Amino acid sequence: MKEMEKTNFQTGLKKISPDWNISTTVPALKEHIIHHLMSFQGRDPERSGARDVYKALAYTMRDLMVEEWISTQKTFYAKEKKRVYYLSLEFLIGRSLGNSMTNLGILEAAQQAVEELGFDMAEIRDQEEDAALGNGGLGRLAACFMDSIATLKIPAYGYGIRYEYGLFFQQLIDGYQVEGPDNWLADGTPWAFDRSLPVFNVQFFGNVTSYQDEEGNYRAKWVNTRDVKARASDILVPGYRNSHVINMRLWSAQSSRELDLKDFSRGDYIGAVQSKVSSETISKVLYPPDHNYAGQELRLKQQYFFVAATFQDIMRRYKKKQKSFHKFTDLVAVQLNDTHPAIAIPELMRLLLDREGLGWEEAWDISVKTFAYTNHTLMPEALEKWRVDMMGKVLPRHLQIIYEINRRFLLELTERYPGNERKVRDLSIIEEGPVKMVRMAHLAIIGSHSVNGVAELHSQLLKERIFPGFHEFFPGRFNSKTNGITPRRWLLDVNPELADLISSHLGPGWITDLEQLRGLEFLVDDSEFCARWRRVKNDNKAALADYIFKVSGVTVNSGAMFDIQVKRIHEYKRQLLNALHLIYFYQRIIRGEAENAPPRVAVFAGKAAPSYWRAKLIIKLITSISDVVNNDPRVKDKLKVVFLPNYNVSQAEIIMPAADLSEQISTAGTEASGTGNMKFALNGALTIGTLDGANIEIREEVGEENIFIFGMTADEAEFERKNVSRTPRQICRQNKKIKNVIKAIGDGSFSEGDKSLFKPLVDSLLNKHDPYLLIADFESYLECQERVNELFFDRETWTRKAILNVARMGKFSTDRTIRQYSEEIWGIPVEE
């Protein structure tokens, strides 16, 4: 558009709408809500319900954000800033309304506007569906990162997939997990801008032909492909009260043709739409079942689909002002959130080689300087691999490029380590075997200039245990960036009473500088402050008790210790260890030995992968314990056990502020970091945990006297696996109390006499080679729980420790994490 046309367009807008800058006064917000009820939804304001008002309020927030987003984008272009592209197959966004109102600084005005329209804000907020576009910590971390990136005014974008169906909707039927579809878009979403442009073509299958260009260089062409269209949808993310708004761009798959007219004309109406349906399956569901070839192929297609669309978007933006690729790495940084987007490395090489005509050395230099890779796992089985034959079928050109990357890398290896065939085999991208595999983590490490772990221990173990050969070959490439959480959502928004109490003494500066919470240390001896602190915690516990009754029908005593473990259900996270302690406590109650122990409410929540039968059996055991304990009149209020179904972000926002005790009990050396541990501690819970993941750094920050640590260290756990100092059966023979716990599971006490139901769990517990070392850590865990019991009776000391936990959580803000990424990996200084 010419400059004069732009000026006329903007003048015209102002004539049409004199209030182009949307006012955030209460009367203005009411007007906007009513306007959106009528013009966007076609609703009579006098007959509108809570769902209608929620949408109208969300559209109003979007209006406010889009103006600031446009201004933010113009600044990026005007200043030619380097931009970050954060590629993640998961964004566990949760609900957006509360966070948007908080960050825009209009929560109180919006609440008043809604109330004056005759509605309750809590009811309005409850109308929003969770955007469950992730599986757990990795996806939630990505969402927290977006908040901090916007707050720190870093020029960046998040890129992912707009899954039509989220993880899954979890029901508990007869105590078993039953999965249902999570159709979060059934009623649409007011938060997304569905873009008609850009739409990009993404290729699959086909074959590769070669030719020589005019200068005699080898060139390849990917032909005879089956194509899918990628359409963009933008969700805006506001920074905290700084007029800076960024966007997550999520891609939806569409068929390149609505109908195959050849089939249609032959009367094959099913065949006519088959291609369309097959194409659009790519963005249908998060984590398709991958236990068969078809599911694995779909997962690979998902990964390439969003990467290919994203890089076309990156190229489109870059080429607006740049004619060559000399400045590409000065203007573009790409962060790979785990191995899922690692196919981006051969994709960028393909674009630079085949589309732009660059030579291999120049293209590879650009590629390595562009990419940085974050590893999120210590579990070897979780390091992604793809069958070579599948990769060659779905992405034939990329497999060629991967082989060439590997060939050149292996040449360097053999020069460095002549005759060391084992080293070459271990570090090769291609894993040899009956079925050849492409090791995506190896590709990500070789093709990136930075590889980071997400906690100090995790990063150390990556270098020493998981990838020692790469650490030796690429000195300085591995680094650590401890995870964090955004305090805007995980304290200010979810725990407003506590946030207000803190701000009344420290001021609001902690919201964007979490280290300022250190000021709370001077209030631990203030009896009035401590009493108010306890009232806030009691209010939050009462709210969770109401929620528990609403969801499960179980009445709990809000004066009891709220002992909480909520996270993905996995053997290494050891929900089973927690369950063993509850059986032990139950048996003590029955024997009359628990009079001196405080009452407990044990709360579990989390989803097991649909094909992970052992994790699902652990859920069944916990719900069975709940059925027995909660219905035993001898127990009364001494112990209640609750498993809350369908754990998601909005449920976590109710649970986290209410916790007294946070269970972070994974086997040492298995959890990369964890962020639930940070959320609980920031809301005043004390942690019981192992020296695993970020627990180690939490202990360093809060002080070892303010956290309950038990169990083996990572080194001790590794030694125990290899040497087995005491088998589980020996421990059971030596400790009658532990033996009785295992016996109760095996003899049908929690399965209506069915001794076979939980036999697989008993067998795994007693297995000499149990990799998760539950029985080996059980004695230490029981002793630690006794220390918890003793301290909980000392109300003043418990409160003091809870306050000190919150005061010393400054390190665990994603603002600190993102500042480190930006300055140390992306090369972008953060403006103060």
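Some ground rules. Residues are numbered from 1 along each chain as its sequence is written, and side-chain values use heavy atoms, without hydrogens or water. As the model is predicted, local features need pLDDT of at least 70 and side-chain atom pairs count only at pLDDT 80 or more, while totals for chains, interfaces and linings use all residues.

Cores. A nonpolar core here is a set of buried Ala, Val, Leu, Ile, Met, Phe, Trp, Tyr and Cys residues joined through side-chain atoms within 4.5 Å. Buried is under 20% relative accessible area, exposed over 50%, partly exposed in between, with a 1.4 Å probe and protein chains only. The largest core holds 128 residues. L87, F204, F305, F311 and M391 have the most contacts inside it. Helix 10, residues 293-318, gives the largest share, 12 residues. Helices (H or I, at least four residues) and strands (E, at least two) are DSSP runs, numbered from the N terminus.

Take L87. Beyond its neighbours within four places in sequence, its contacts include F306, F311, V334 and P341. Contact means heavy atoms within 4.5 Å. A second, separate core has 124 residues, among them I583 and V629.

Next, a helix pair. Helix 7 (137-151) and helix 34 (814-826) have axes that come within 9 Å and cross at roughly 80°. Axes are lines fitted to C-alpha atoms over the stretch in contact, and angles run from 0 to 180 degrees between N-to-C directions. So helix 7 is roughly perpendicular to helix 34, a label that covers 65 to 115 degrees. Helix 7 brings L141, C144, F145, S148 and I149 to the contact. From helix 34, the residues include I818, Y821 and W826.

Pairing requires at least two DSSP bridges. Strands 15 and 16 are joined by 2 bridges. E431 has M437 as its bridge partner in strand 16.

Last, the backbone. The peptide bond from L197 to P198 is cis, omega near 0°. P198 sits in strand 7 (192-204). Which is buried, and which exposed? D174 is exposed, at 64% relative accessible area. D338 is buried, at 8%.

Definitions and conventions:
Parallel < 35°, antiparallel > 145°, perpendicular 65-115°, else oblique.
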